[in-house]
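Take a look at the fold below.

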Amino acid sequence: MLTAAKFLVLAALLLALAWWIGGLPGDVTAHVGGYAITTNTPAALLLLFLIAVIFTVMLRVLGGISGTPGKIAAWRAAKRQAAGERAMRRGLVALAAGDAAAATAEARQVHKLLGDTPMAQMLRAEAAQLAGDTATAKSAFTALAQDKEMRFLGHRGLLRAALGRADLETAKRHAQDAEEAYPGGAWTRAQRLHLALKAQDYAAALGLTQDKNEIAALAVAAGQQAIAPRDALRYAQTALKAVPEFAPALALAAESLRRQDKTRTARKMLLNGWKEKPHPLIAAAWFAPDATPIERAQDAAALAAANPGHAESELVLAQTALAAGLVAEARRHAGLALHAGVDDGRAQAVLDTLDSKPPAPPRSAWVCGACHNSTQSWAALCPACGKPGGLRWHTPGTALV
Ligand SMILES: [Zn+2]
């Protein structure tokens with residue numbers, strides 16, 4: 001509406017102007033050499049206007065022609081950029097497909113088209129890494145580590161390369177640099193955890209996981225490494241907070257309390273654990289290290305009383321009675337253990353020993369949740385696959401659930 005109104009006003013003004021020019025009196029005479037051209041004033045003004053229009057158009061055309069080389073250069077640069085980006089995409093696909101030769105060729109192409117940009121360096125480094133060209137990979141990743149935005153990728157590549165050649169010290173340095181370049185990254189944390197586990201630095205590893213089972217296992221391992229019993233107890237408490245009644249943690253706590261001459265507290269803690277969830281590790285930690293077999297048999301009764309009738313209680317009574325030479329007691333409790341559901345060969349082993357038969361090895365074991373390897377003694381890391389906190393106590397039958 002407003003546009004239409006503007007158009008009408010403009011048209012009216014132009015019409016008025018043309019009317020006024022058309023009505024101008026007089027002549028205009030131009031002298032060129034010996035010639036004289038005479039015309040009336042409106043025609044002369046129209047001619048002047050046409051000359052101005054032609055002059056403007058000519059200036060535009062000349063300006064366009066003079067700017068052409070710049071435009072051609074910009075067009076060529078854009079074409080180069082597009083070709084470089086296409087090569088980059090092909091290179092990334094080749095990397096993902098594990099085609100080292102194609103990735104290297106595309107990296108060379110990208111470098112030729114786009115120059116030594118951080119993206120070109122990254123593709124070159126990754127392609128070299130894939131091809132096993134460690135020298136090129138190292139120089140490209142080092143260059144990448146100097147770039148403000150790509151610093152993390154540079155240190156990430158150098159860390160992977162260091163891990164590849166088992167250079168743990170260099171790997172640790174790059175892990176720290178990668179953490180600084182990109183704080184809190186999950187990938188870096190996993191690598192730092194891996195490095196701490198490799199170095200058996202369980203206290204450091206403990207701070208790098210959120211998984212409760214891993215925390216419990218690593219805290220026990222750190223406690224076993226701790227020199228001061230107070231520190232060992234602190235780690236045991238960390239483990240018990242993550243996984244309550246965790247038998248290896250209870251055993252560690254009891255041991256560290258004993259080293260601090262707090263035997264009563266240690267025994268109370270083990271009794272509570274036995275009441276909640278009896279386990280052979282708790283039984284092993286229960287007895288005083290210097291106790292005689294007969295003292296152990298007597299002391300077993302105090303432990304078993306915390307969970308009377310439980311298969312593990314009957315079993316510990318049978319085993320300690322056997323060691324103390326209390327044959328009838330050993331046989332009775334082994335029978336009760338079998339009756340209560342211990343079906344992993346431990347109760348049968350007591351009976352076999354009493355009958356002078358070679359006992360079969362027990363079928364209870366710590367089993368890794370990741371690789372299913374089984375082992376008789378607990379460890380923070382699976383001895384087969386190295387997973388922390390993966391071992392679970394597994395016993396056939398219904399004694400322990
Ligand atoms: Zn495993």
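How many of the six residues of strand β2 (residues 35–40) are buried? The number is zero, so β2 lies largely in the open. A residue counts as buried if 20 or more other C-beta atoms lie within 10 Å of its own, as exposed if 12 or fewer do, and as partly exposed in between, with C-beta atoms placed from the backbone.

Two notes on reading the model come first. This is a predicted model, in which local features need pLDDT of at least 70, side-chain atom pairs count only at pLDDT 80 or more, and totals for chains, interfaces and linings use all residues. Residues are numbered from 1 along each chain as its sequence is written. As for names, helices (H or I, at least four residues) and strands (E, at least two) are DSSP runs, numbered from the N terminus.

Back to β2. Its partner is strand β1 (residues 27–32), and the two run antiparallel, joined by six bridges. Two strands pair if DSSP finds at least two bridges between them. Asp27 stands opposite Asn40 in β2. The hairpin of β1 and β2 has two residues between the strands. There, Gly33 takes a positive phi near 60°.

Now find the open sheet. It has three strands, in the order β4-β3-β5, and the pairing is antiparallel. β4 (374–375) and β5 (391–394) are the edge strands, each pairing on one side only. Strand β3 (residues 365–368) pairs with β4 over two bridges. Look for Trp366, which stands opposite Thr375 in β4.

Next, the helices. Two packed helices are described by the angle between their axes and the distance between the axes. Axes are lines fitted to C-alpha atoms, for helices over the stretch in contact, and angles run from 0 to 180 degrees between N-to-C directions. Helix α3 (residues 100–114) packs on helix α4 (residues 118–131) at about 160°, with the axes 9 Å apart. The pair is therefore roughly antiparallel. Angles under 35 degrees count as roughly parallel, over 145 as roughly antiparallel, 65 to 115 as roughly perpendicular and the rest as oblique.

Which residues of α3 and α4 make the contact? Among them are Ala103, Ala107 and Val110 of α3, and Leu123, Ala127 and Leu130 of α4. Contact here is a matter of C-beta atoms, placed from the backbone, lying within 7 Å. By class, the contact of α3 with α4 has 10 nonpolar, two polar and two charged residues. Ala, Val, Leu, Ile, Met, Phe, Trp, Tyr, Cys and Pro count as nonpolar, Asp, Glu, Lys and Arg as charged, and the others, Gly among them, as polar.

A second pair is helix α16 (residues 311–323) and helix α18 (residues 346–354). Their axes come within 10 Å and cross at roughly 25°. That makes α16 roughly parallel to α18. Leu315, Ala318, Gln319 and Leu322 in α16 meet Arg346, Ala347, Val350, Thr353 and Leu354 in α18. Six of these residues are nonpolar, two polar and one charged.

Finally, the loops. Most residues other than glycine have a negative phi. Glu245 is not a glycine, yet its phi is positive, about 60°. Glu245 sits in the loop between α11 (229–242) and α12 (247–259). With 16 other C-beta atoms within 10 Å, Glu245 is partly exposed. Ser356 also has a positive phi, near 60°. Its place is the loop between α18 and β3. Ser356 is exposed, with 6 other C-beta atoms within 10 Å.

Key. Two residues are in contact if their C-beta atoms, placed from the backbone, lie within 7 Å.
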